[in-house]
Amino acid sequence: MSCHEFERLVALYVEGDLDGTEHWHVEAHLLACPACRNLADDLKESQAAFKSIRQDGPNPAVLLSVRTRVLEDVAGMQSKNWLERLFLGGLRQRATLAGFALLLVGGWLLRNSRQHDMPAAVPPPPVVAVHEPQVFTETVAPTPPPEPETKPLVRRPRPMPAVAAPEEHVEAATPVTIKFVTDNPNVIIYWLGDERKGD
Amino acid sequence: MELSASQLWMSGADEEIEATAKLIERAITGDRTAFEEIVLQHERRVFTLAYRLLGTEEDAQDAAQEVFLRAFKYMRRFDTTRPLEPWLVRMTVNVCKRAGRGRTRTRSLFVYNDGAQQPDSGRDPYALMRAEEQKRVLYDVLTGLPEKERAAIVLRDLEGFSTAEVADILGSAEATVRSQISVARLKIRKAIDRMKGGRDVVS
């Protein structure tokens, strides 16, 4: 190996960066080569000078300025994080929020459609003829269909005073019991119904 | 025997790691004083390393700020069973690598603030001038080195990491780092020889 090739190894040797074999190899060469020995001395000197800048330190005012900037930015990041957590968090949070919103909208739509599609209460079938009794023959007028319990949510302007309330018709009815006597003396049929005023 | 930077950290490091872990935990939950404590503990090292890698105080300030902001952002990912400083050093190197590209600021020297580093009024003024000049030359050489050589020599000779640790921080092969360190040392020696012009080097 030539001295030129040794240069790089000597540069490592002076700081103890060579392992066993290489270290002894360079050491043996230095004993025999004054030029490389001079190079090693020079390198030790320049390394000592170079390492002297290790002691240099920054002005505390500079560090304070950096610290202030960092802490201000961190404060900004924290308040931004708070908002992000609330509205724009990670993917999981966004998916949760979207799911929740979907659930709300879906629930509202379902509730609305149920109210619109709800059929009116089915009136009982009119009784045309139940029996032809031997004792009584009475025609019973079919009872009017009851008012539906729930009404569709229709926004009405204001109730007009001229319109009569539908409850008046209901109040006019009075209960009537009709007794049917059949051929069999053990069987008696009772019919419970309403009688309208004026009927 | 010289201890590497990480060996120094590891000596009596358990308590320090535990204390840092508590600070990190507090900082994550939004305790700003805990994060400020972390910054106080590491700002000098981070800033100094950034300055040595970038060569200007302004760039070093920007880099140090970015390092701490990144640290705050990714603190949840940090393994608190390990020392914090190597993580910050690695981050500083990465930030400086990016910041080093395309910057145009002119180099400025550190302001010496330690009492031990204040100019000694009883010392020979010519010796002080020579020391200043030598420092200027050293920073010139350092900033004139290619980026990878500069990072390797700064981490090995100024920050005190072992060659293996430098390779780990830089993500390079150890043989590559040894070669970069060796070349950089020879360049520094040549620059000091040129500066000396026959004068003694102030060490």
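How are H3(B) and H5(B) oriented to each other? The close-up views below, taken from a predicted model, begin with this pair of helices.

**View 1. Packing of helices H3 and H5 in chain B.** Helix H3 of chain B, which spans residues 32–54, packs against helix H5 of chain B, residues 84–99, at an angle of about 30°, and their axes are 10 Å apart. Because angles under 35 degrees count as roughly parallel, H3(B) and H5(B) are therefore roughly parallel to each other. The crossing in which H3(B) passes H5(B) is right-handed.

**View 2. Residues in the contact of H3(B) with H5(B).** On the side of H3(B), the residues that take part are B:His42, B:Arg45, B:Val46, B:Leu49, B:Ala50, B:Leu53 and B:Leu54, and in H5(B) they meet B:Leu84, B:Glu85, B:Leu88, B:Val89, B:Thr92, B:Cys96 and B:Ala99.

**View 3. Buried residues of helix H1 in chain A.** In helix H1 of chain A, residues 3–13, the buried residues are A:Phe6, A:Leu9, A:Val10, A:Ala11, A:Leu12 and A:Tyr13. The elements that cover these buried residues of H1(A) include helix H2 (20–32) and helix H3 (34–51) of chain A, together with helix H9 (174–196) of chain B.

**View 4. Surroundings of B:Leu69.** B:Leu69 lies in helix H4 of chain B, which covers residues 57–73. This residue counts as partly exposed because B:Leu69 has 17 C-beta neighbours inside 10 Å. When its neighbours within four places in sequence are left aside, B:Leu69 is in contact with A:Val70 and A:Asp73.

Notes: Residues are numbered from 1 along each chain as its sequence is written. Chains are lettered from A and ligands numbered from 1 in the order in which they are written. This is a predicted model: local features need pLDDT of at least 70, side-chain atom pairs count only at pLDDT 80 or more; totals for chains, interfaces and linings use all residues. Axes are lines fitted to C-alpha atoms, for helices over the stretch in contact, and angles run from 0 to 180 degrees between N-to-C directions. Helices (H or I, at least four residues) and strands (E, at least two) are DSSP runs, numbered from the N terminus. Angles under 35 degrees count as roughly parallel, over 145 as roughly antiparallel, 65 to 115 as roughly perpendicular and the rest as oblique. A crossing is left-handed if the near helix is turned anticlockwise from the far one by less than a right angle, and right-handed if clockwise. Two residues are in contact if their C-beta atoms, placed from the backbone, lie within 7 Å. A residue is buried if 20 or more other C-beta atoms lie within 10 Å of its own, exposed if 12 or fewer, and partly exposed in between; C-beta atoms are placed from the backbone.
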